[in-house]
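Open your viewer, and let us walk through the model one selection at a time. Each stop tells you what to pick and what you will find there.

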Amino acid sequence: MLPWQSNNYIQCIYSTCKPDSRILLSMHYWQSEQINPVELLTAELPAGYRLDVEGSTAEQLTVLDDFDWSIWHSGGLLIRYGERDLQLSRGDDLFVASSVAPGCRFWWELPDGPLATALRGMIAVRAFVPKYACHIETVSAVIRNEDEKIVLRLQGLTLQGEQPLVLHLLELEPLRGYESEYEALVPLLAAAGMQAADSSGLRRLLPQLGMNIHRVEGKPVFGLDPLEPAEAAVLRMTGALLDLAGQHEQGLLDDIDTEFVHQYRVCIRKARSLLSLFKKCLAPERYGRLKVALKEIGAATNMLRDLDVFLLEHDYY
(Lines give C-alpha, C1' and ligand atoms only; values in the text may rest on other atoms or scores of the structure.)
Protein backbone atom coordinates (compact mmCIF):
# COMPACT_ATOMS: atom_id res chain seq x y z
CA MET A 1 0.00 0.00 0.00
CA LEU A 2 1.30 3.40 -0.93
CA PRO A 3 1.72 6.08 1.76
CA TRP A 4 -0.88 8.43 0.32
CA GLN A 5 -3.54 5.67 0.43
CA SER A 6 -3.35 5.17 4.18
CA ASN A 7 -5.71 6.59 6.76
CA ASN A 8 -2.57 7.31 8.78
CA TYR A 9 -0.97 9.38 6.05
CA ILE A 10 -1.59 12.73 7.71
CA GLN A 11 -0.34 11.38 11.00
CA CYS A 12 2.81 10.16 9.22
CA ILE A 13 3.37 13.63 7.83
CA TYR A 14 3.07 15.13 11.29
CA SER A 15 5.53 12.64 12.69
CA THR A 16 8.12 13.39 10.02
CA CYS A 17 7.89 17.17 10.32
CA LYS A 18 10.86 18.86 11.87
CA PRO A 19 10.26 20.45 15.27
CA ASP A 20 10.12 23.93 13.75
CA SER A 21 7.54 22.99 11.09
CA ARG A 22 4.12 24.63 11.30
CA ILE A 23 0.70 22.98 11.34
CA LEU A 24 -0.45 21.55 7.99
CA LEU A 25 -3.36 23.24 6.24
CA SER A 26 -5.94 21.74 3.89
CA MET A 27 -4.75 19.86 0.80
CA HIS A 28 -4.87 21.43 -2.66
CA TYR A 29 -5.05 19.30 -5.81
CA TRP A 30 -3.85 19.95 -9.36
CA GLN A 31 -3.90 17.59 -12.33
CA SER A 32 -2.73 17.40 -15.92
CA GLU A 33 -2.46 14.88 -18.75
CA GLN A 34 0.76 16.38 -20.12
CA ILE A 35 2.75 18.04 -17.32
CA ASN A 36 4.65 16.12 -14.64
CA PRO A 37 4.21 18.55 -11.72
CA VAL A 38 7.25 17.39 -9.74
CA GLU A 39 9.51 17.93 -12.74
CA LEU A 40 7.85 21.29 -13.35
CA LEU A 41 8.40 22.50 -9.80
CA THR A 42 11.97 21.20 -9.73
CA ALA A 43 12.80 23.28 -12.79
CA GLU A 44 10.63 26.35 -12.25
CA LEU A 45 10.71 27.15 -8.53
CA PRO A 46 11.49 30.82 -7.79
CA ALA A 47 14.98 31.71 -6.63
CA GLY A 48 15.59 30.92 -2.97
CA TYR A 49 13.42 27.78 -2.98
CA ARG A 50 14.25 24.18 -3.74
CA LEU A 51 12.41 20.88 -3.94
CA ASP A 52 13.78 17.90 -1.98
CA VAL A 53 12.46 14.42 -2.84
CA GLU A 54 11.99 12.33 0.30
CA GLY A 55 10.88 9.09 -1.29
CA SER A 56 9.23 7.42 -4.27
CA THR A 57 7.35 4.24 -5.06
CA ALA A 58 6.18 2.45 -8.21
CA GLU A 59 3.39 -0.09 -8.13
CA GLN A 60 0.99 -2.01 -10.35
CA LEU A 61 -2.60 -1.22 -9.42
CA THR A 62 -5.40 -3.64 -10.36
CA VAL A 63 -9.09 -2.86 -9.84
CA LEU A 64 -11.10 -5.93 -8.82
CA ASP A 65 -14.86 -6.34 -8.96
CA ASP A 66 -17.50 -8.88 -9.83
CA PHE A 67 -19.18 -9.28 -13.22
CA ASP A 68 -21.78 -6.60 -12.48
CA TRP A 69 -19.35 -4.10 -10.86
CA SER A 70 -21.32 -4.52 -7.62
CA ILE A 71 -18.51 -3.17 -5.43
CA TRP A 72 -18.19 -0.01 -7.50
CA HIS A 73 -21.95 0.56 -7.73
CA SER A 74 -22.23 0.22 -3.95
CA GLY A 75 -19.74 3.07 -3.53
CA GLY A 76 -16.65 0.92 -2.99
CA LEU A 77 -13.34 0.35 -4.74
CA LEU A 78 -11.35 -2.88 -4.36
CA ILE A 79 -7.72 -2.65 -5.44
CA ARG A 80 -4.78 -5.04 -5.49
CA TYR A 81 -1.37 -3.39 -5.16
CA GLY A 82 1.35 -5.56 -6.60
CA GLU A 83 0.62 -9.24 -6.16
CA ARG A 84 -0.61 -9.73 -2.62
CA ASP A 85 -2.06 -6.64 -0.90
CA LEU A 86 -5.78 -5.91 -1.15
CA GLN A 87 -7.47 -2.66 -0.17
CA LEU A 88 -11.18 -1.86 -0.10
CA SER A 89 -12.29 1.74 0.31
CA ARG A 90 -15.92 2.68 0.80
CA GLY A 91 -16.71 6.22 1.83
CA ASP A 92 -14.60 6.97 4.89
CA ASP A 93 -13.98 3.27 5.57
CA LEU A 94 -10.73 1.60 4.57
CA PHE A 95 -10.18 -2.16 4.84
CA VAL A 96 -6.79 -3.71 4.10
CA ALA A 97 -5.56 -7.30 3.88
CA SER A 98 -1.95 -8.28 3.26
CA SER A 99 -0.36 -11.52 2.09
CA VAL A 100 -3.42 -12.50 0.06
CA ALA A 101 -2.82 -15.37 -2.37
CA PRO A 102 -2.65 -14.07 -5.97
CA GLY A 103 -5.40 -16.45 -7.13
CA CYS A 104 -7.86 -15.46 -4.39
CA ARG A 105 -11.30 -14.66 -5.92
CA PHE A 106 -13.88 -15.01 -3.13
CA TRP A 107 -14.41 -13.26 0.18
CA TRP A 108 -14.30 -16.58 2.06
CA GLU A 109 -10.76 -17.18 0.76
CA LEU A 110 -9.53 -14.03 2.51
CA PRO A 111 -8.17 -13.96 6.06
CA ASP A 112 -10.91 -13.47 8.63
CA GLY A 113 -11.37 -9.77 9.28
CA PRO A 114 -13.16 -6.56 8.28
CA LEU A 115 -12.24 -6.84 4.59
CA ALA A 116 -13.77 -10.29 4.18
CA THR A 117 -16.87 -9.21 6.13
CA ALA A 118 -17.36 -6.08 4.03
CA LEU A 119 -16.98 -7.96 0.73
CA ARG A 120 -19.41 -10.63 1.87
CA GLY A 121 -22.13 -8.02 2.14
CA MET A 122 -21.29 -6.49 -1.23
CA ILE A 123 -20.82 -9.43 -3.61
CA ALA A 124 -22.08 -12.54 -1.75
CA VAL A 125 -21.20 -15.61 -3.86
CA ARG A 126 -19.69 -13.71 -6.78
CA ALA A 127 -15.96 -13.70 -7.53
CA PHE A 128 -13.90 -10.53 -7.65
CA VAL A 129 -11.77 -10.56 -10.79
CA PRO A 130 -9.43 -8.09 -12.51
CA LYS A 131 -11.39 -5.37 -14.30
CA TYR A 132 -8.76 -2.72 -14.96
CA ALA A 133 -5.03 -2.23 -14.39
CA CYS A 134 -2.67 0.72 -14.40
CA HIS A 135 0.80 1.67 -13.23
CA ILE A 136 1.11 4.25 -10.46
CA GLU A 137 4.20 6.15 -9.40
CA THR A 138 4.29 8.30 -6.26
CA VAL A 139 6.88 10.90 -5.29
CA SER A 140 6.92 12.47 -1.81
CA ALA A 141 8.75 15.78 -1.52
CA VAL A 142 9.02 19.05 0.39
CA ILE A 143 9.78 22.58 -0.71
CA ARG A 144 12.25 24.54 1.43
CA ASN A 145 13.00 28.23 1.51
CA GLU A 146 16.42 29.83 1.74
CA ASP A 147 16.32 29.43 5.53
CA GLU A 148 15.94 25.64 5.08
CA LYS A 149 12.40 25.84 6.47
CA ILE A 150 9.80 23.49 4.99
CA VAL A 151 7.06 25.65 3.50
CA LEU A 152 5.15 23.02 1.50
CA ARG A 153 4.72 19.27 1.48
CA LEU A 154 3.61 17.54 -1.68
CA GLN A 155 2.81 14.25 -3.33
CA GLY A 156 3.20 13.80 -7.07
CA LEU A 157 1.22 10.95 -8.62
CA THR A 158 1.54 9.60 -12.15
CA LEU A 159 -1.00 7.04 -13.36
CA GLN A 160 -0.43 5.19 -16.64
CA GLY A 161 -3.54 3.47 -17.91
CA GLU A 162 -3.98 0.45 -20.19
CA GLN A 163 -4.69 2.80 -23.07
CA PRO A 164 -2.05 5.41 -23.97
CA LEU A 165 -3.42 7.69 -21.29
CA VAL A 166 -1.37 9.30 -18.53
CA LEU A 167 -2.69 11.38 -15.66
CA HIS A 168 -0.47 13.48 -13.38
CA LEU A 169 -1.79 14.64 -10.04
CA LEU A 170 -0.19 16.98 -7.54
CA GLU A 171 -1.21 17.15 -3.89
CA LEU A 172 0.06 20.33 -2.22
CA GLU A 173 -0.30 21.09 1.46
CA PRO A 174 1.13 24.35 2.76
CA LEU A 175 2.22 24.85 6.35
CA ARG A 176 0.57 27.45 8.51
CA GLY A 177 2.40 30.70 8.24
CA TYR A 178 3.62 29.91 4.70
CA GLU A 179 0.35 30.31 2.80
CA SER A 180 1.90 32.96 0.56
CA GLU A 181 4.42 30.43 -0.76
CA TYR A 182 1.58 28.25 -1.99
CA GLU A 183 -0.22 31.22 -3.51
CA ALA A 184 2.97 32.09 -5.40
CA LEU A 185 2.95 28.65 -7.04
CA VAL A 186 -0.65 28.87 -8.30
CA PRO A 187 0.17 31.07 -11.34
CA LEU A 188 3.09 28.78 -12.18
CA LEU A 189 0.88 25.68 -12.16
CA ALA A 190 -1.91 27.37 -14.11
CA ALA A 191 0.47 28.76 -16.72
CA ALA A 192 1.86 25.26 -17.31
CA GLY A 193 -1.65 23.99 -18.11
CA MET A 194 -2.48 22.21 -14.86
CA GLN A 195 -6.10 22.21 -13.72
CA ALA A 196 -7.37 22.61 -10.16
CA ALA A 197 -9.08 19.41 -8.97
CA ASP A 198 -11.46 18.50 -6.17
CA SER A 199 -9.59 15.52 -4.76
CA SER A 200 -7.06 12.78 -5.45
CA GLY A 201 -9.56 9.93 -5.01
CA LEU A 202 -9.10 6.99 -7.36
CA ARG A 203 -12.87 6.71 -7.89
CA ARG A 204 -12.62 10.07 -9.64
CA LEU A 205 -9.33 9.46 -11.44
CA LEU A 206 -9.68 5.93 -12.82
CA PRO A 207 -12.65 6.63 -15.14
CA GLN A 208 -10.57 9.46 -16.62
CA LEU A 209 -7.92 6.84 -17.46
CA GLY A 210 -10.37 4.84 -19.54
CA MET A 211 -11.79 2.43 -16.95
CA ASN A 212 -15.13 1.41 -18.42
CA ILE A 213 -17.78 0.74 -15.77
CA HIS A 214 -21.01 -0.97 -16.66
CA ARG A 215 -23.84 -2.88 -15.07
CA VAL A 216 -25.50 -5.88 -16.72
CA GLU A 217 -29.24 -5.45 -16.58
CA GLY A 218 -31.15 -8.51 -15.40
CA LYS A 219 -34.30 -7.54 -17.30
CA PRO A 220 -34.08 -6.60 -21.00
CA VAL A 221 -36.12 -3.67 -22.26
CA PHE A 222 -38.31 -4.96 -25.09
CA GLY A 223 -39.81 -1.65 -26.27
CA LEU A 224 -42.99 -3.26 -27.60
CA ASP A 225 -44.85 -1.60 -30.44
CA PRO A 226 -48.67 -2.09 -30.34
CA LEU A 227 -48.69 -2.31 -34.16
CA GLU A 228 -46.02 -5.02 -34.31
CA PRO A 229 -47.27 -8.50 -35.32
CA ALA A 230 -47.49 -10.84 -32.32
CA GLU A 231 -45.15 -13.48 -33.76
CA ALA A 232 -42.46 -10.92 -34.54
CA ALA A 233 -42.76 -9.43 -31.04
CA VAL A 234 -42.48 -12.81 -29.31
CA LEU A 235 -39.45 -13.79 -31.40
CA ARG A 236 -37.77 -10.45 -30.72
CA MET A 237 -38.35 -10.79 -26.96
CA THR A 238 -36.99 -14.33 -27.07
CA GLY A 239 -33.93 -13.09 -28.92
CA ALA A 240 -33.36 -10.38 -26.30
CA LEU A 241 -33.45 -13.00 -23.52
CA LEU A 242 -30.98 -15.19 -25.40
CA ASP A 243 -28.67 -12.20 -25.91
CA LEU A 244 -28.78 -11.63 -22.16
CA ALA A 245 -27.93 -15.30 -21.56
CA GLY A 246 -25.03 -14.92 -23.97
CA GLN A 247 -23.44 -12.29 -21.76
CA HIS A 248 -22.95 -15.00 -19.11
CA GLU A 249 -21.56 -17.68 -21.44
CA GLN A 250 -17.87 -16.78 -21.18
CA GLY A 251 -17.99 -16.62 -17.39
CA LEU A 252 -19.73 -20.00 -17.41
CA LEU A 253 -17.03 -21.51 -19.66
CA ASP A 254 -14.23 -19.95 -17.61
CA ASP A 255 -15.81 -21.26 -14.36
CA ILE A 256 -15.41 -17.89 -12.64
CA ASP A 257 -18.26 -18.28 -10.16
CA THR A 258 -21.55 -20.15 -9.77
CA GLU A 259 -23.70 -17.12 -10.55
CA PHE A 260 -22.84 -17.26 -14.28
CA VAL A 261 -24.49 -20.67 -14.62
CA HIS A 262 -27.44 -19.57 -12.53
CA GLN A 263 -28.11 -16.37 -14.49
CA TYR A 264 -27.62 -18.20 -17.79
CA ARG A 265 -30.24 -20.77 -16.81
CA VAL A 266 -32.65 -18.09 -15.59
CA CYS A 267 -32.55 -16.40 -19.02
CA ILE A 268 -33.12 -19.72 -20.82
CA ARG A 269 -36.06 -20.55 -18.55
CA LYS A 270 -37.62 -17.15 -19.18
CA ALA A 271 -37.27 -17.63 -22.92
CA ARG A 272 -38.89 -21.08 -22.71
CA SER A 273 -41.74 -19.75 -20.59
CA LEU A 274 -42.32 -16.87 -22.98
CA LEU A 275 -42.59 -19.23 -25.96
CA SER A 276 -44.91 -21.54 -24.03
CA LEU A 277 -47.25 -18.69 -23.05
CA PHE A 278 -47.47 -17.34 -26.59
CA LYS A 279 -47.15 -20.55 -28.62
CA LYS A 280 -50.47 -19.88 -30.34
CA CYS A 281 -48.91 -16.74 -31.85
CA LEU A 282 -46.17 -18.80 -33.55
CA ALA A 283 -46.20 -21.09 -36.50
CA PRO A 284 -46.36 -24.68 -35.12
CA GLU A 285 -43.18 -25.81 -36.88
CA ARG A 286 -41.21 -22.78 -35.65
CA TYR A 287 -42.48 -23.20 -32.09
CA GLY A 288 -41.53 -26.89 -32.12
CA ARG A 289 -37.96 -26.21 -33.27
CA LEU A 290 -37.45 -23.45 -30.68
CA LYS A 291 -38.94 -25.52 -27.87
CA VAL A 292 -36.62 -28.47 -28.55
CA ALA A 293 -33.53 -26.27 -29.00
CA LEU A 294 -34.03 -24.32 -25.78
CA LYS A 295 -34.75 -27.50 -23.82
CA GLU A 296 -31.46 -28.99 -25.02
CA ILE A 297 -29.54 -25.82 -24.16
CA GLY A 298 -31.00 -25.74 -20.65
CA ALA A 299 -30.39 -29.47 -20.09
CA ALA A 300 -26.71 -29.08 -20.97
CA THR A 301 -26.17 -27.16 -17.73
CA ASN A 302 -28.28 -29.36 -15.40
CA MET A 303 -25.40 -31.35 -13.93
CA LEU A 304 -23.18 -28.28 -13.67
CA ARG A 305 -25.83 -26.41 -11.69
CA ASP A 306 -26.35 -29.40 -9.37
CA LEU A 307 -22.63 -29.47 -8.67
CA ASP A 308 -22.58 -25.70 -8.08
CA VAL A 309 -25.39 -26.00 -5.55
CA PHE A 310 -23.47 -28.74 -3.78
CA LEU A 311 -20.33 -26.59 -3.66
CA LEU A 312 -22.26 -23.63 -2.27
CA GLU A 313 -23.61 -25.87 0.51
CA HIS A 314 -20.31 -27.70 1.00
CA ASP A 315 -19.71 -26.45 4.53
CA TYR A 316 -23.25 -27.36 5.57
CA TYR A 317 -22.99 -30.87 4.16
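Start by selecting E148 and R50: their side chains meet in a salt bridge, with 2.6 Å from N to O. The term stands for a side-chain nitrogen of Lys or Arg within 4 Å of a carboxyl oxygen of Asp or Glu. This pair links distant parts of the chain, 98 residues apart: E148 lies in the loop between strand 6 (129-144) and strand 7 (150-160), and R50 lies in strand 2 (residues 50-65). By this rule the count comes to nine salt bridges.

Before you move on, two notes on reading the model. It is a predicted model, in which local features need pLDDT of at least 70, side-chain atom pairs count only at pLDDT 80 or more, and totals for chains, interfaces and linings use all residues. Residues are numbered from 1 along each chain as its sequence is written, and side-chain values use heavy atoms, with hydrogens and water left out.

**The sheet**

Now switch to a cartoon view and colour the strands. Strands here are DSSP runs of E with at least two residues, helices are runs of H or I with at least four, and both are numbered from the N terminus. Two strands count as paired if DSSP finds at least two bridges between them.

Zoom in on strand 2 and strand 3, which pair in the antiparallel sense over four bridges. Select L64 and you will see L78 of strand 3 opposite. As you look along a strand, remember that in a regular strand the side chains alternate between the two faces of the sheet.

**Two hairpins in a row**

Next, select strand 3 (residues 76-81) and strand 4 (residues 85-90), an antiparallel pair with six bridges. G76 has R90 in strand 4 as its bridge partner. What does G82 do in this hairpin? With three residues between the strands, G82 takes a positive phi near 70°.

Carry on to strand 5 (residues 93-97), which runs antiparallel to strand 4 and is joined to it by five bridges. Here S89 stands opposite L94. This hairpin has two residues between its strands, and G91 in the turn has a positive phi of about 65°.

**A helix against a helix**

Axes are lines fitted to C-alpha atoms, for helices over the stretch in contact, and angles run from 0 to 180 degrees between N-to-C directions. The contact (heavy atoms within 4.5 Å) is made by L40, L41 and E44 of helix 2 and L185, L188 and L189 of helix 5. These residues divide into five nonpolar, no polar and one charged. For this sorting, Ala, Val, Leu, Ile, Met, Phe, Trp, Tyr, Cys and Pro count as nonpolar, Asp, Glu, Lys and Arg as charged, and the others, Gly among them, as polar.

**Around helix 9**

Finally, select helix 9 (residues 258-277) with helix 10 (residues 284-299), which pack at about 160° with axes 10 Å apart. The two helices are therefore roughly antiparallel, a label for angles over 145 degrees, while under 35 is roughly parallel, 65 to 115 roughly perpendicular and the rest oblique. Show side chains at the contact, including Y264, I268 and L275 of helix 9 and Y287, L290 and L294 of helix 10. The contact residues divide into eight nonpolar, two polar and three charged.

Keep helix 9 and bring in helix 11 (residues 302-312): the axes come within 10 Å and cross at roughly 135°. That makes helix 9 oblique to helix 11. Which residues meet here? On the helix 9 side they are T258, V261, H262 and R265, facing N302, L304, R305, D308 and L312 in helix 11. This contact divides into three nonpolar, three polar and three charged residues.
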